[in-house]
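Biologist: Show me how to read this model. Take it one feature at a time.

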2 protein chains.
Amino acid sequence: MDDQQLRLNNQICFPIYSVSRLITKAYKPYLEEMGLTYPQYLLLLVLWERDELSINQIGEKLLLNTNTLSPLIKRMEKMNLLQRKRSKKDERSVFIQLTDKGKALKNTAAPIPEKLLNTLLTEDVTVTEIMLLKDTLNKWSDILLEKQHSKD
Amino acid sequence: MDDQQLRLNNQICFPIYSVSRLITKAYKPYLEEMGLTYPQYLLLLVLWERDELSINQIGEKLLLNTNTLSPLIKRMEKMNLLQRKRSKKDERSVFIQLTDKGKALKNTAAPIPEKLLNTLLTEDVTVTEIMLLKDTLNKWSDILLEKQHSKD
DNA sequence: CACGATTTAATTTTGCGCGATATAAAAAAA
DNA sequence: TTTTTTTATATCGCGCAAAATTAAATCGTG
C-alpha cells in the first residue's frame, strides 16, 4: 500500500475543501452586514451581471441544480431581493428578476473584493492554506496536462 | 462602481467554491463504494496517518469544530468504523480509535488517488475549472505576497 | 388525436458546516 | 478551599448540497 499517496496533504481533496471553507468564512462578516449568505451572494453576482435568467440558466453559471437553487431562490424572494416570473411561452420555466432592493445591493457590495483582500492578509492560517492549495493545484495541473497529452 | 471587480470570475469566491464541489463529486463514486461520505473519508485519512487522536486534535488537522465533528464521529461510531474513549487523565477529552473495520478500509482506499486522476481527465468541465482556479490562485498569491511585503 | 418518452421544476431526505449556547471537568485565581 | 476562568465536548437551529422521487408540461411518432 502506498502510504504516501493517502496522506492528507498529498491529495487534492483536503486543501480544496479547507480553503473553500476558509474563504467562505472570510466573506461572512461582509455578507452578514448585507443579510446575505454565501450562495445568495453568488446568485446575486450572476444576476447583477445579467438579469432575467431562468433557474436553469442560473444553474449553468453556478454549476448548481434546481434542487439547490429552488429553495435558495424562494428564500431570496421572501427577502424581497428578486421575483419569480413563470414564462408565458413555456409554463415550466421560471425566470428570475431582481427587485429594486436586489439591484441596489450591488452598490453595497462593490467594496467587498477590496475589503476581502485586506481581511485575508490578517489571517495567517488562511494565507498559508491558500499557498498550499496553489502549490497543489500547480502540481496537479502539470500532471493533468501531461496525462492529457499522452492520450493524444 | 467597479463592475469589473464584481464579475463572477474575477472574485476568488466562485472558482474555489465550484471546484470544491466538483472535486467532491469526482470522489463520490469511489467513496460510495466504501459507504463513506466526503468528510468521513477525510477523517479516516487523518486517523490512518495517526490513530488515537482527541476530537480537538482532529479538529486542528481538518480545521473543523466539534459542532461538526461530534455528530460526524457519532455516525461513524454507529457504522463501527471507530470508537470513542474518554480519557482517564482528563475526563473532558474524548480520544478516537479506529476499529479493525476502520483500519481495513485503508486497503480499499489505497487506489483512490490514482483512480481520481483518471476520472478528472474524463471530465472537461472540472479540468477547465481547475485550470481557472489555478490561474486565479497564482494571481491572488502574487497580490497577497506583494501586499504582505509592503506592510513590513 | 393519442400516448409514451423526455424535459423541467419542485419536494423529500440525509449529511454536513457553523454560530450560538450549554455542560462539565480541569486549572487558575482569590 | 472556594470562586472564577478556561478548556473540551455536545446540542440546537438554520442553510445549504445533492440524490431520489414526484409532478407537470412538452415533444415525437404513428
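Modeller: Start with the nonpolar core: a set of buried Ala, Val, Leu, Ile, Met, Phe, Trp, Tyr and Cys residues joined through side-chain atoms within 4.5 Å. Buried means under 20% relative accessible area, exposed over 50%, and partly exposed in between, with a 1.4 Å probe and protein chains only. The model is predicted: local features need pLDDT of at least 70, side-chain atom pairs count only at pLDDT 80 or more, and totals for chains, interfaces and linings use all residues. Residues are numbered from 1 along each chain as its sequence is written, chains are lettered from A and ligands numbered from 1 in the order written, and side-chain values use heavy atoms, leaving out hydrogens and water.

Biologist: How many residues does the largest nonpolar core have, and which have the most contacts inside it?

Modeller: That core has 104 residues. A:Tyr27, A:Tyr41, B:Tyr27, B:Tyr41 and B:Trp48 have the most contacts inside it.

Biologist: What does B:Tyr41 touch?

Modeller: Contact means heavy atoms within 4.5 Å. Leaving aside residues up to four places away in sequence, B:Tyr41 touches residues including A:Leu6, A:Gln11 and A:Cys13, as well as B:Tyr27 and B:Trp48.

Biologist: How do I read the interface of chain A and chain B?

Modeller: The size of an interface is often given as the accessible area lost when the parts come together. Here buried area is what two parts lose on being put together, with a 1.4 Å probe, summed over both. Between chain A and chain B it is about 5600 Å², and carbon and sulfur atoms give 72% of that. On the chain A side, A:Leu6, A:Leu121 and A:Leu144 lose the most area to chain B, together 11% of what that side buries. Each chain brings 58 residues to the contact.

Biologist: How many salt bridges are there between chain A and chain B?

Modeller: A salt bridge puts a side-chain nitrogen of Lys or Arg within 4 Å of a carboxyl oxygen of Asp or Glu. There are two between the chains. A:Glu114 forms a salt bridge with B:Lys147, with the closest N and O atoms 3.4 Å apart.
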